[in-house]
Amino acid sequence: ARVRDTLTLWHLLSRVELPERARVYDRIAALTPVPAGVSREKALQLDQYHAKAWGCLGVAAFKEGEFVDAETYFRKSIALSSGEGSHVELASLYCQMGRFDDATRELNTALSLNKRDARAYIELANVAVSKGDAKEAIRYCRQAVFVEPKNPETHRALAVALVRAEQYEEAEVRVREALNSLGPEKPWRLRLLLAQILVRAGDVANKDRKKKDLDLYEEALSSVNDARNECGPNAELFFHAGIVQQRLEDYATSVKSFAECIKLNPQRYEAERYGRIMQTALEQQRRVFKVNLVFSYILAGLCIVLLLILWGTHFTGARRTLTEDQLVANSTTTTRVSKEKLIVDDTLLNVMTPILLGMLTVAALLPNLSKLKLPGFEAEISDPKPPDPNISSGPRGDIKFGSSLTSVDIDPR
């Protein structure tokens with residue numbers, strides 16, 4: 001709604017008188033951060049030759065899915081000023097449309113105008129990834145880090161390219177180095193990417209294990225929580241929190257995370273599907289819990305009754321009479337002899353008490369063993385798979401408004 005309102009107000013700007021025009025511009029600025037270089041004065045003067053303003057309009061059109069209009073606005077921006085025009089944004093749009101040759105041409109033009117444009121290198125990496133050339137993508141991302149080493153998005157782009165090449169260890173090292181060296185900024189996207197890398201590493205490490213090692217997943221969840229503290233409510237963070245919580249078999253919390261993701265982004269259909277999967281797993285777990293609880297009560301009651309009988313019989317000294325045949329001395333004849341013995345002697349007491357106490361302990365733990373894969377209760381549920389992180393999600397404009405830099409979510413922002 002914010003993007004559509006911005007587009008509507010932009011077109012309204014030239015149709016109202018100056019006093020109302022100022023109010024319209026102020027509302028635009030409140031809805032969408034104004035890109036660097038766009039001044040209030042030029043906007044109020046209806047400067048039709050402001051290249052960056054046309055680029056801003058192109059980004060807004062892209063967010064509304066109006067690709068043809070976005071291309072028109074970007075081309076208008078380039079026609080007004082090749083130096084300030086939206087070459088990178090147009091290339092990013094072409095990449096989203098699958099026009100990779102056109103994207104490469106525009107990016108080469110942008111680099112001919114500015115060799116230190118990290119956005120252009122990142123978009124070239126995005127083109128390379130789209131073509132399946134992970135090595136070339138890594139090369140472009142390294143160049144982006146070289147020209148802008150203090151930009152967290154260049155480090156993130158390199159880590160994403162390494163993940164695409166399945167070089168998880170180096171990707172993790174790059175992200176951690178960036179988090180430690182980039183100062184007091186809030187690189188929540190880097191923290192989210194670190195969580196994604198840790199989940200991938202955990203999946204690989206636990207692939208052939210009967211018992212999962214949860215350390216990597218717990219660290220991933222901690223990283224997601226740190227990102228949430230820095231960013232606030234965000235659909236992507238809730239989505240990946242749900243993925244990690246599923247790995248930790250915390251199905252109830254996972255369902256809640258996917259629900260929050262859908263609430264913030266109703267178009268995130270994977271969250272809806274994974275939420276249903278986790279709800280099924282949770283219901284299965286609850287069914288197993290109820291069955292285990294019934295058996296727990298039965299087993300505990302039986303053990304308590306047997307213990308009471310055992311110790312009660314022992315303390316009362318209850319005896320039983322046994323008859324035995326014995327040989328008479330110096331004779332081959334036998335005689336029947338009666339003897340009294342304790343029903344529960346010390347030997348029987350020492351053997352049966354630990355056994356019954358052990359069974360009582362098992363009865364107490366049985367309801368919590370709902371994660372056991374018991375025959376008849378195990379459901380065919382596939383693990384939610386986190387999507388591959390994207391190097392770029394489309395044109396995002398210039399400074400403040402955004403850029404074509406890396407993003408985690410697949411929806412353009």
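What share of the 413 residues in the protein chain do buried residues make up?

## Overall picture

Buried residues account for 44% of the 413 residues in the protein chain. Please keep in mind as you read that this is a predicted model. The secondary structure of the chain comes to 17 helices and two strands.

If you take the contacts between residues at least 6 apart in sequence, 57% of them join residues at least 24 apart.

## Cysteines

There are zero disulfides in the structure. C141 counts as buried because its relative accessibility is 0%. C231 has a relative accessible area of 27%, so this residue is partly exposed.

Let's turn to helix α13, which covers residues 215–231. Its 17 residues reach 24 Å from the first C-alpha to the last, close to the 24 Å expected at 1.5 Å a residue. The buried residues of α13 are Y217, A220, L221, S223, V224 and A227. Seen down the axis of α13, the buried residues fall within an arc of 160 degrees, so they line one face of the helix.

What do the buried residues of α13 pack against? Their partners are α12 (188–205) and α14 (235–247). On the other side of α13, D215 and N229 are exposed. Just after the helix comes G232, which takes a positive phi of about 90 degrees.

## Salt bridges around R99

Side chains of opposite charge can pair when their charged atoms come close. In this model the count comes to 18 salt bridges. One of them joins R99 to E71, with the closest N and O atoms 3.6 Å apart. R99 lies in the loop between α6 (87–97) and α7 (100–113), while E71 sits in helix α5 (residues 67–80), so the pair ties together parts that are 28 residues apart in sequence.

How do the two partners differ in exposure? R99 is partly exposed, with a relative accessible area of 28%, whereas E71 is buried at 15%. The cut-off for buried is under 20% relative accessible area, which is why the value of 15% puts E71 in the buried class. Both residues also belong to a network of salt bridges that links E71, R75, R99, D102 and R105.

## Two further pairs

R191 and E230 meet through their side chains in a salt bridge of 2.7 Å, N to O. This pair links distant parts of the chain, since R191 is in helix α12 and E230 is in helix α13, 39 residues apart. R191 counts as partly exposed because its relative accessibility is 22%. E230 is also partly exposed, at 23% relative accessibility.

Another salt bridge brings together the side chains of R268 and E236, at 1.9 Å from N to O. Here, too, distant parts of the chain are linked: R268 is in the loop between α15 (251–264) and α16 (269–316), E236 is in helix α14, and the two are 32 residues apart.

Technical notes:
Residues are numbered from 1 along each chain as its sequence is written. This is a predicted model: local features need pLDDT of at least 70, side-chain atom pairs count only at pLDDT 80 or more; totals for chains, interfaces and linings use all residues. Side-chain values use heavy atoms; hydrogens and water are left out. A disulfide is a pair of cysteine sulfur atoms within 2.5 Å. Buried means under 20% relative accessible area, exposed over 50%, partly exposed in between (1.4 Å probe, protein chains only). Helices (H or I, at least four residues) and strands (E, at least two) are DSSP runs, numbered from the N terminus. The expected span of a helix is 1.5 Å times one less than its number of residues. The arc is that of the directions from the helix axis to the C-beta atoms. Contact means heavy atoms within 4.5 Å. A salt bridge is a side-chain nitrogen of Lys or Arg within 4 Å of a carboxyl oxygen of Asp or Glu.
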